[in-house]
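Q: I have a new model open and would like to go through it. Can you take me around?

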Amino acid sequence: MKHSPLQIVYTSKTQTMPPDQTNLLLGTLDMLILKSLALAELHGLGISRRIEQISRGTFQVKPGSLFPALHRMEEQGWLAATWGESENNRRAKYYKLTAAGRRQLNSETKRWSRISLAIGRALESN
Amino acid sequence: MSLFTRLASLKRNLFRRQRTEADLDAELRSYADLLSDENRAQGLAPDKARRKAQIDFGGIEQVKEQVRDVRVGHYIEMFFRDLRFAFRNVRKYPSFTTIVVLSLALGIGANAAIFSLSDAILFRPIPVPRADNVITVDTAASKLTRYGGSSWLDYLDMVARAKSFSSLCVYQGLSTGMNASTTAPGSKPQNVAGLLVSANYFSTFEIAPVAGRDFLPEEGITPEKYPVVIISYTLWDRVFAKDPAISGKGINLNGHTFTIVGVAPKTFTGADIFYRPDIYVPAAMAAQVTGDGADTLKQRSYRAFEMRGRLNPGVTLAQAQGELNSIMSGLEREHPDSNRDNVAILRTEMGRRMELGMTAVPSLLGGLVVLVLLMACANVASLFMARATSRIKETSTQIALGASRGALVRQLLTESAVLALFGGLAGTALAYICIAGFRSLVPVLGPAEGPDFRLDSRTMICVGVACVVAVLLSGLAPAFMAVKDAWSAVMTTRASASASRSFSSVARRILIGGQIALSVVLLMVGGLFLKSFSRAHSVDLGFNSDRLLLVTIDPLLQGYTNEQAARFHEQLVRRVQSLPGVAFAAVATNVPFVSGASWDISIDGYTAPDGEKFLDITNSAVDPSYFSTMQIPILFGRAFAPTDKRNAPGVAIVNETLASRYITAPGDLSKALGRIMRLRDGKPIQIVGVAKDSSYGGQIGAPPPAVFYLPYDQQGGPRATLVVRMSGNENSSATSVAPDSEASLVVPAIRAAMSELDSEISPVTVDKMTDAISRQGLFLPRIVAFLGGAFGLVAMVLATVGLYGVVSFMVSRRTQEIGIRMTLGAQRGAVLRMVLANGLILASTGLIVGLVIALAAAPTVRSMLVGVSPYDPATFLAISAALLAATAIASYFPAARATRVDPILALRHD
């Protein structure tokens, strides 16, 4: 079955956006970003492509959601950023997980599997 | 997340903003470039690839804004943006800013000044740790009073028997102070405020000396054995330049050498808010520093010590009171002569002050200043509303561009806060000036005595609270209304039409009406007090206060005994009487408006309805020439004579009030002659004269108290006041010599006469009676009249400015309408009347409401007025007329402007 990709819109408190886009559960985007950086450091576009890839095209992350999340997570100390060269020789800002970010990914993964299990059970129950 | 990373981000975001911004810009551009690379790789032409990338990206600026919103310190940045905007507006509308800041400064400054006044005379806790659990113990002969000192012997017994107290101490202020000099040669003696204390005085108040040590227990007990003192921090600083090796240094007090053992901390200025001692002397050394040292410590009836204490943990005030009651009745059984009917009264320090009845002036003035602040806020609120209406297009543009309600309200509130801050600063300056004024108005009672007015942290907290109140009251409602109006303006596109009938314009009229009503109340109070104050000047005091000089002397400070002092005074009076320019001279222990005392007396044949025999009566010991000097007529019997010597039979003169209240019918005062009265010692004193009533200090215009006089030779003390009536116009024509220049001739002559007798003695104070009355008797009436009048004027100015604002605003709103009327043939006079009527209707409504409130509130100030009814019709009429005139002027100018409207321009208006 073919389905259209979900767009990730992370809403900050002061931002006003048309309400017709799907809002992911708060914190989901953070988790996806952490997951995408688990193996290697990536720049912004790399992260968004990696999320598309690992969610098999379900999630598309737009810059308007991605960058506020990246900057917030960097300020929270989960990510560290450095400037580097991209594969086609462009300067790009690369993000990688810090130790705190790795811990956060672990606990988020556990929490998420608990929640998805619980919701799955709830929906399947009669 | 860790606080540290958060702080690091905060620092980066706030202080390296440009770098963070450049970094973000580069990052987003690089993202867009990578995206267009991707598109190119999929086979698009370079320019199409870039366009598609840009479309996919969305607006770079929007993304940047979203990133900024999540940054740490985002709110701080927004706050600074609001602040910059506010400051820009402050500069952009200078007249608006001035009026708002002045209004708030008056409101806030008045509150701060009155708070500081009330704090100094009522609220400020004594400067000791845990001040709220200091307990006061008064001793009083039952029913006469609830205040009174304790004797040293009673104190010692109480300490030995009471179990409720963790500590109990006594102290006694030496009201004339002491002559102190360092033991260094050539040190000049200076008058210092002294306090006689029990050795546990400092430990009771939990005060530790900053240098040296506290008193030792034996230093407070063994009489005249340990000449030690603890000095105040200010004296240490002033005289000893904070010498760290102060302990063991000598100091001369009234000619006796004492050793300094310690220095009190800077914050500790004594346990009494009206007396700040320089030198603390153990009570055991009383003989060296007071005249009647032996009495001080040995007489049970010599009750001059204030008692303070702290309760043991878990003991309630009522339990301690119960214990003291039984101790006091025990003492009464053991010492029936001295302790008859004596009871102890326990209170907290604050409870005692409240009972002393000092609350009237602070609560009256406090109520008035809160009204002034409310008016200032109402004025500012109405100004804000007016400006919001004029800025409605600006605000609706902001809304159209996406500003949220919250952001707009926050921005307007920031502006109110900035203005309130300026108002607070200006108000602080105003309060500072007022406080300096209070200081100069306060009666000079002696060294370090009287309320201590100051602009301290407590006053500044009051300023802060007033500022916050001002922001909330004056800013909040207008901010919400402004945003609401602007929203509706966005919808209807026509700014003026929507606002003209809006809620805020009704609200403004109510605010202004309320202001006028409040200003009527304030003006009434101010007017009544001003009138009362001017009446107080002409009240008949019962003696002639013109050309009276008062010279207070205390030979005790030179170590005189009572007898030596009496001889000194006698000789001095004789010399002064013969000086040129002096008509009469007399000596008295207590002179109205200078000092006062009251003693317990019983009158044979008088018993109060409740069975009490003793009366607490104001008195003075005076010499034979006192009545002729003061020009107090003797109505019946005789004045004192030189024959009323120490060993002669005891005689007394009573005033009319005493005679008519306690002895005989008012119409038959001569029957008081020959009756016998007694002091606590029980010796008979025959009444030989009845003097005319005269004021004895206190509130001018109040009915004179009962007073009795005793001969100076029989009951006088060393500290006395020389009363001198200058002859003035007797020698020359009536207009020649003004009292001031006359005094400048007589005073040096008196000083010379004094130093001829003893070169060491100099007057403690020299004063004119009129000045003493003005300071002492008119102190509170003057402050109340001055402040009441000032508040009334401020209120009227605020209300007038407010009304002016409302009417001008209305004119500008209705310019178009006026234009149409005039095009259709309305006369200028008709337009003028229409606008004037609009203002005057508002003003009269406020006036009527205000008059009703003022009439209802009038009885509350009755007791504070002298010779003026609280319903004084003249004052009511004058206030109403003044207010109507002011409001008419305030409405006239905008009305006149309305008549100059050019119909053509008006129709094009908007």
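**Domains, contacts and confidence**

A: The C-alpha centres of domain 1 and domain 2 of chain B are 77 Å apart. Keep in mind that this is a predicted model.

Q: Which residues does each domain of chain B cover?

A: The assignment for chain B puts domain 1 at 3-72, domain 2 at 144-340, domain 3 at 360-538 + 779-908, and domain 4 at 555-763.

Q: How many residues of chain B are in contact with chain A?

A: On chain B there are 23, in contact with 21 residues of chain A.

Q: Which helices of chain B supply at least two residues each to that side?

A: They are helix H1 (3-15), helix H2 (17-41) and helix H4 (60-70) of chain B. H2(B) gives the largest share, eight residues.

Q: And how does that side divide into nonpolar, polar and charged?

A: The side of chain B that touches chain A has ten nonpolar, seven polar and six charged residues.

Q: Changing topic: which residues of helix H24 in chain B are buried?

A: H24(B) spans residues 656-663, and its buried residues are Glu656(B), Leu658(B), Ala659(B), Tyr662(B) and Ile663(B).

Q: What do they pack against?

A: Strands of chain B: E13 (598-603), E14 (614-622), E15 (634-637), E16 (651-655), E18 (684-691) and E19 (707-711).

Q: Back to chain A. What is its average pLDDT?

A: Chain A averages 79, and 78% of the residues score at least 70. Over residues 10-23 of chain A, however, the pLDDT is below 50. Beyond near neighbours in sequence, that stretch has 19 contacts in the model.

Conventions:
Residues are numbered from 1 along each chain as its sequence is written. Chains are lettered from A and ligands numbered from 1 in the order in which they are written. This is a predicted model: local features need pLDDT of at least 70, side-chain atom pairs count only at pLDDT 80 or more; totals for chains, interfaces and linings use all residues. A residue is buried if 20 or more other C-beta atoms lie within 10 Å of its own, exposed if 12 or fewer, and partly exposed in between; C-beta atoms are placed from the backbone. Helices (H or I, at least four residues) and strands (E, at least two) are DSSP runs, numbered from the N terminus. Two residues are in contact if their C-beta atoms, placed from the backbone, lie within 7 Å. pLDDT is the predictor's confidence in each residue, from 0 to 100. Ala, Val, Leu, Ile, Met, Phe, Trp, Tyr, Cys and Pro count as nonpolar, Asp, Glu, Lys and Arg as charged, and the others, Gly among them, as polar. Domain bounds come from an automatic or database domain assignment.
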